[in-house]
Amino acid sequence: MERKKRLKDTAPKETLPDVETHSEGFRANREARRNVLVEDYVELISDLLSEGQEARQVDIAGRLGVSQPTVAKMLARLATEGYVTQKPYRGVFLTPAGQEMADKARHRHRIVEAFLLALGVSEENARVDSEGVEHYVGSETLTLFEKAIRGNLQQFMQNLPDA
């Protein structure tokens, strides 16, 4: 009970930020949500191609756990936006813009996953959680995640007493 009281006494007062700051957070979140699916698709296509496989609709659908018609719709969108090309009776290929987006998404993913692992999150949970978090983390936060990892965050976490 004493600990709860101390935490409550030291917690910052909750006040709303100014309107511009407040709306910027929501705007950034909406923008990230718009890009989540696009980034997931191009990153997966890149991964499949990197492993020497073709990126076929059936493979993409299976890995993302969605139907083939859903994949077909998204691939049409990605083609319209200039991220992929499709060839009849062949797989899907990334354009230079699609590959650049995939590389950036993969880089963010790896940083977030490494950070979660350094915190002590299990491999399975770090993999699953990083799949979502990677899209919402800004560049400043990513830079600090990397700094914490380089600064041996994992060792720091291991030396903390159990709660």
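**Close-up views of a predicted model**

**Figure 1. The loop between the two strands holds Tyr89.** Tyr89 sits in the loop that runs between strand S1 (84-86) and strand S2 (92-94). The model shown here and in the views below is predicted. Tyr89 has a phi near 60°, a positive value in a residue other than glycine. With a relative accessibility of 89%, Tyr89 counts as exposed, because exposed residues are those over 50%.

**Figure 2. Lys87 is placed over the ring of Phe93.** Lys87 lies over the face of Phe93. The distance to the ring centre is 5.1 Å.

**Figure 3. Phe115 and Phe145 form an aromatic pair.** The structure holds one such pair. Its two rings, those of Phe115 and Phe145, are stacked, at 3.8 Å centre to centre and with 5° between the planes. Phe115 belongs to helix H5 (residues 96-119) and Phe145 to helix H7 (residues 139-150), so the pair ties together parts that are 30 residues apart in sequence. Phe115 is buried, at a relative accessible area of 14%. Phe145 also counts as buried, at 15% relative accessibility, since the cut-off for buried is under 20%.

**Figure 4. Helix H5 and the glycine that follows it.** H5 is made up of 24 residues. From its first C-alpha to its last, H5 reaches 35 Å, close to the 34 Å expected at 1.5 Å a residue.

**Figure 5. Asn152 in the loop between H7 and H8.** Asn152 is found in the loop between H7 and helix H8 (153-158). Although Asn152 is not a glycine, its phi is positive, at about 70°. Asn152 has a relative accessible area of 36% and is partly exposed.

**Figure 6. The protein chain as a setting for the close-ups.** Eight helices and two strands make up the secondary structure of the protein chain. Along the sequence the pattern is α-α-α-α-β-β-α-α-α-α. The protein chain has 163 residues, of which 29% count as buried. Among contacts in the protein chain with a separation of 6 or more, 55% are between residues 24 or more positions apart. The protein chain exposes about 11,500 Å², and carbon and sulfur atoms supply 53% of that area.

How values were computed:
Residues numbered from 1 in each chain as written. Predicted model: local features only at pLDDT ≥ 70, side-chain atom pairs only at ≥ 80, totals over all residues. Heavy atoms only, no water. Helix = DSSP H or I, 4+ residues; strand = E, 2+ residues; numbered from the N terminus. Buried < 20%, exposed > 50% of the residue type's maximum accessible area, 1.4 Å probe, protein only. Contact = heavy atoms within 4.5 Å. Areas by Shrake-Rupley, 256 points an atom, 1.4 Å probe, with all protein chains shown as cover. Phe/Tyr/Trp six-rings, centres within 6.5 Å; stacked < 30°, edge-to-face > 60°. Lys NZ or Arg CZ within 6 Å of the ring centre and 35° of its normal. Expected span 1.5 Å × (residues − 1).
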